[in-house]
Number of protein chains: 4
Amino acid sequence: MYRFECDYTEGAHPRILDALVKTNREQTAGYGEDAYCDTARKIICLACGKEDMNVHFLVGGTQANTTVIASVLKPHQAVVCAETGHIAAHESGAVEATGHKVITLPSESGKITAAQVRKCIDGHWSDPTHEHCPQPALVYISQPTETGLLYTKRELTELRRVCDEKHIPLFLDGARLGYALGAAENDVFMADLASLCDVFYIGGTKVGAMFGEAVCICREDLNRDFRYHIKQHGGLLAKGRFLGIQFETLFKDGLYLELGRNAVREAMRIKDAFRSAGCDLLYDSPTNQQFPILNGAVLEELEKNYSFSVWKELPGDRTAVRFATSWATKLEAVDMLVNDIKRACRIYGEKTPAWSADLPE
Amino acid sequence: MYRFECDYTEGAHPRILDALVKTNREQTAGYGEDAYCDTARKIICLACGKEDMNVHFLVGGTQANTTVIASVLKPHQAVVCAETGHIAAHESGAVEATGHKVITLPSESGKITAAQVRKCIDGHWSDPTHEHCPQPALVYISQPTETGLLYTKRELTELRRVCDEKHIPLFLDGARLGYALGAAENDVFMADLASLCDVFYIGGTKVGAMFGEAVCICREDLNRDFRYHIKQHGGLLAKGRFLGIQFETLFKDGLYLELGRNAVREAMRIKDAFRSAGCDLLYDSPTNQQFPILNGAVLEELEKNYSFSVWKELPGDRTAVRFATSWATKLEAVDMLVNDIKRACRIYGEKTPAWSADLPE
Amino acid sequence: MYRFECDYTEGAHPRILDALVKTNREQTAGYGEDAYCDTARKIICLACGKEDMNVHFLVGGTQANTTVIASVLKPHQAVVCAETGHIAAHESGAVEATGHKVITLPSESGKITAAQVRKCIDGHWSDPTHEHCPQPALVYISQPTETGLLYTKRELTELRRVCDEKHIPLFLDGARLGYALGAAENDVFMADLASLCDVFYIGGTKVGAMFGEAVCICREDLNRDFRYHIKQHGGLLAKGRFLGIQFETLFKDGLYLELGRNAVREAMRIKDAFRSAGCDLLYDSPTNQQFPILNGAVLEELEKNYSFSVWKELPGDRTAVRFATSWATKLEAVDMLVNDIKRACRIYGEKTPAWSADLPE
Amino acid sequence: MYRFECDYTEGAHPRILDALVKTNREQTAGYGEDAYCDTARKIICLACGKEDMNVHFLVGGTQANTTVIASVLKPHQAVVCAETGHIAAHESGAVEATGHKVITLPSESGKITAAQVRKCIDGHWSDPTHEHCPQPALVYISQPTETGLLYTKRELTELRRVCDEKHIPLFLDGARLGYALGAAENDVFMADLASLCDVFYIGGTKVGAMFGEAVCICREDLNRDFRYHIKQHGGLLAKGRFLGIQFETLFKDGLYLELGRNAVREAMRIKDAFRSAGCDLLYDSPTNQQFPILNGAVLEELEKNYSFSVWKELPGDRTAVRFATSWATKLEAVDMLVNDIKRACRIYGEKTPAWSADLPE
């Protein structure tokens, strides 16, 4: 059984483990106030071309999302995101637990547009009873999205513009950022994030680290007292250097980008295999997550040797599933999978799938 | 400069790193649903002599405290602890952030008594306006306390009795539990915790792990849906096996106890050195934290080669400080410190400290 | 200018004012522990045929909703309601501010069905990642709905059944309950509410009182400590008797029902007028709120002498608006309005409105 | 039995009832956006000599406190008050329920000093681990205090100075403000409050109104979006004009001050009676609450005809109790009480109370 169900089934990249082992017996200050964290912060600032950016290391994604959102919003304010947004769908109400509504915008693709955001905010303020409604005051997006898609630089710039216009911050969840940066069609680079977002984070957990997310705060006012918020949300790791050492390793010598590219390359092979075998894709993802639509027989056949997630039941014995590669995905495993896809679809596939007409584009 | 300022200045015990490295490329399910976590859970249950205990692995202490407390209390209820309790003093209001008051009981020593708890609860219910006051509904203690002291089995049993009588749970924070178990005078063992507490946790972060706290829930009703709470508080580590592997390593072959004993042994040498040199101790701690009271000259002298924490300014040029040892403290460093204490006190110490009369007992 | 924009534009029913004036100089205990509140509680229990019901008097609807929901749910749990539900749409995120997600079910009509609730709950529990999603644990409905419609006894019984089956409570917001009870087609009476709901409340503010909502808790376990919750949410009125006196007045001699019937009668005259004049209705409401769809010219004409709310902009110069009557609506004002509707539609109305085809049924 | 247990045992001042009755059938907009509220706001601004002050009408004191505090603080911040402060002691954890710690300063008298506040804040910021502690960010005081005492203008000015110096707002709870303004020794007037506080409120509930507190926000930035907060906390009364009408009545023609003076005059007669009869007073209160210390026999004797609150059990059969007068206290009732005090103390009193030495000053 080979696991493609998510991008956190393996441990950490060997270089990271090496670095942890090598520095293990050193004594350092706790809570991220050590030299490793300082170095990592500097390297990340450099990578973003923004020296004065504030970087904080947190343990996980839900923690990063909750801490940032709670630190930005006032009690009557809400965060706006796609209905598929991780904070809306898969964080056990962590944002609501800090007192805030998550306003969701309809989105087939997992992306939201500047026009949607503008309409949402204008709609709020033009409502004569707006004081009876939570005030949209932060935009949350992911790169790549939950659906594996990418915002283009133009789209991100438009979101930035509406945020400027409405005076609300833009927050980008980069839990899988490495797999965006590693995608062939990506045109949003580190420096773009630093100049277009108010806050964003660089995911380590899913891209080679044991754990860890580097939260980058691009505005001084939003950074003020942020460490209190981290502590309050249980995110101030006592042995904080473990985070610094990991991010230093990921960002010196370009390891982070390399890991991203490798995972995407394998994902593209899987995507091609499904396509060639006649399978539709729920989303045309250029990143490490692939969403083929399988009939029951093919699904059952593939389940024999691979684990993957059921994403969405569709009408007519169709199921959209998710295969995720990661920095650790083995070439040989993908070879085998590609063969098995071919074989399964040849035997069990439908030649002219009647059901492909009504898919979201 | 050698660091004695806290017990999390080094990395992880080598056996833990070895285990992480050895298992690194294996694929497992995420979120603590892997075989390593299962094994670790079983070993801990075994160590506690309580097969049906529920064990959950969280990343850090503040997270563990907040998640447990928020999962137990209803909105109008409060947790009761010593005024020195970690949740009251050093967690940035994390408990309050989940909506609950922390009711503090006065405590010179850092311990609270069954009589104090009874009085607090009886006082609440006998107040005709009790509906206007947060309802005490959970007791929080630490073993060892923030002050390095230990509850005896008798004291813990009495606390248990008052909790039974009042129908409120008892929660024990064992962030430094290893250093309690490793103390010569300790008479509260793992099985006692499992039978006397409703919830307790076993600290890994400060006792040899990279990070991690094992929350043990001894009552089925309090365990229900606990994983939702972990997720909501950002504590469900994606690569959860890292926690399982660490706790498996700590609890098989008695490593955890061994680490505790070593740290306490070194702490006792430091304690003896201060005592022999004529220094008073703020608390008579049998565990890894020592609280000598130094005059300004001695303090300054020791600061040249050692880092330690200022604990409390006292009248008359006296300062109580804290030296903490850990599983990683080097014998040679303590040798050197012992010598330096002797020397500094010989030169700068006061022979008959006039200020020892009014110390807390 | 006559106001039909909502049902709280006037003061209180004269009998209520009389009762307040008459008892004004008496001395009573505070916080609802007076004889007037006791009497009112008894009368309401009697009216509901449920002696052992717990009745609490709160000041307003948002307060009642928030207090009930926060008292019922654990932190990881969510309340389920129609997307038009007042708690979802018009309470400034009050429920989220207590830490809970509001899960909304799609609803054109403002009503939700037992089938929808079952699907929502089953969907949650059958999701393998359900621990990453807020747990649906309370159903919230309104009678009448925000759209003026009524649940039938059969529908309510079905909702009760699914709640029993799933072991989650059913909470009914009766802010406008009087206008449900006063509707000709209503078949859900006080005793039905008491036997089918776990918690419901009887709205005073909109039905003749100065202010006040009577929260009825039908289960002993949900009532425990409820007064703490009221106090915590700022709802324990110091001079609580003002609430008792008002509800005593409303519920002795059948005043509450009488007020409801009068308002509905006037609303029906307005409805008929719009219908006869050829206007479509957004909802076929049998209660005090009416939702005619007007073209721009008619709307403008009516705005000259009446205030009413814009409910929803529709395509093609159509606007759904809301006219609300109340216990205080004057017969003569409705006479005048009916005439003006007739006149305006005769002049500006469309004979065969092309736009009526695609309305929700 | 005559009630002196608190200052909200009667209804409302007749002029208020008259005004409510007179305006009852008028139609107005809801939620405080009516002409009565506008007028009341203007009159209050005038009374405070501050035209640009923002005034909001809320229903009750706990609601006012919670709403203001939650609107001012960020999640990691705390409010500082006397340990006797109402928010710390008698609001069922309402402030904590919004996520904030209440930091209490020791206070025998119920007052806090500028020096205490300065020390608290300096102590926070000079603590190297301050990021692990809730940040003091708002000062809460009451005028009069829970103990019936008054801040002088000088004391208030000093508090203002430390707040300016530390850049944190000063919030004054004036639930009983009328009884401060009505005290002979008071030197803090409405205009002083408006110039020295950032936010304060004028209590109606305890000073002649049915209910209602007028929150005055003296800084534009703190006023922004405040109505959202009111709504979120369930404080936006639908028939908001009831608040406007009451405050208009209280503040035109000086009724509010008159009511305050009358209550204090009666309180002084009670105070004198206890003093003359040889009773000690727990606090030397110049306002409507009096705190005589009674022995068991005198207490029992007075309980036969009067209700009053037990405030504090003291050693040696002594109990401090509270008698509260109000705007509605009857002259004849006080005549009778004065006689009964005299009589009870003559029979049961102690001539030279041995226990008066160790009272707080």
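Is A:Asp253 buried or exposed? Select that residue to begin the tour: at 61% relative accessibility, A:Asp253 counts as exposed, where buried means under 20% relative accessible area, exposed over 50%, and partly exposed in between, computed with a 1.4 Å probe on protein chains only.

The model on your screen is predicted, and local features are described here at pLDDT of at least 70, side-chain atom pairs count only at pLDDT 80 or more, and totals for chains, interfaces and linings use all residues. Residues are numbered from 1 along each chain as its sequence is written, chains are lettered from A and ligands numbered from 1 in the order in which they are written, and side-chain values use heavy atoms, with hydrogens and water left out.

Stay with A:Asp253, which sits in the loop between α12 (241-251) and α13 (255-276) of chain A; helices (H or I, at least four residues) and strands (E, at least two) are DSSP runs, numbered from the N terminus. Its phi is near 65 degrees, a positive value in a residue other than glycine.

Next, show the strands of chain A, where seven of them form an open sheet in the order β2-β8-β7-β6-β5-β3-β4, with mixed pairing; two strands pair if DSSP finds at least two bridges between them. At the edges stand β2 (54-58) and β4 (102-105) of chain A, each with a single partner strand, so one side of each is left without a neighbour in the sheet. Select β3 (residues 77-82) of chain A together with β4(A), and you will find them paired in the parallel sense over four bridges, with A:Val80 standing opposite A:Ile103 in β4(A).

Helix α2 (residues 35-48) of chain A lies across β2, β7 (199-203) and β8 (213-217) of chain A, running at about 125 degrees to β2(A), while helix α7 (residues 153-166) of chain A lies across β5 (135-142) and β6 (170-174) of chain A, at about 145 degrees to β6(A). Such angles run from 0 to 180 degrees between N-to-C directions, with axes fitted to C-alpha atoms, for helices over the stretch in contact, and contact means heavy atoms within 4.5 Å.

In the loop between β5 and α7 of chain A, select A:Pro144: a cis peptide bond joins A:Gln143 to A:Pro144, with omega about -10 degrees.

Move on to where chain A meets chain B, a contact that takes 46 residues from chain A and 46 residues from chain B. Together these chains bury about 4100 Å², 55% of it on carbon and sulfur atoms; buried area is the accessible area (1.4 Å probe) that two parts lose on being put together, summed over both. Highlight A:Arg25, A:Gln27 and A:Lys239, which supply 19% of the area that chain A buries against chain B, more than any other three residues.

Finally, select D:Asp198, in the loop between α9 (190-196) and β7 (199-203) of chain D. At 5% relative accessibility, D:Asp198 counts as buried, and its side chain makes a polar contact with the side chain of D:Arg160 at 2.9 Å. A polar contact is a pair of N or O atoms within 3.5 Å; within protein, one must be able to donate a hydrogen and the other to accept it, and residues adjacent in sequence count only if both atoms are side-chain atoms.
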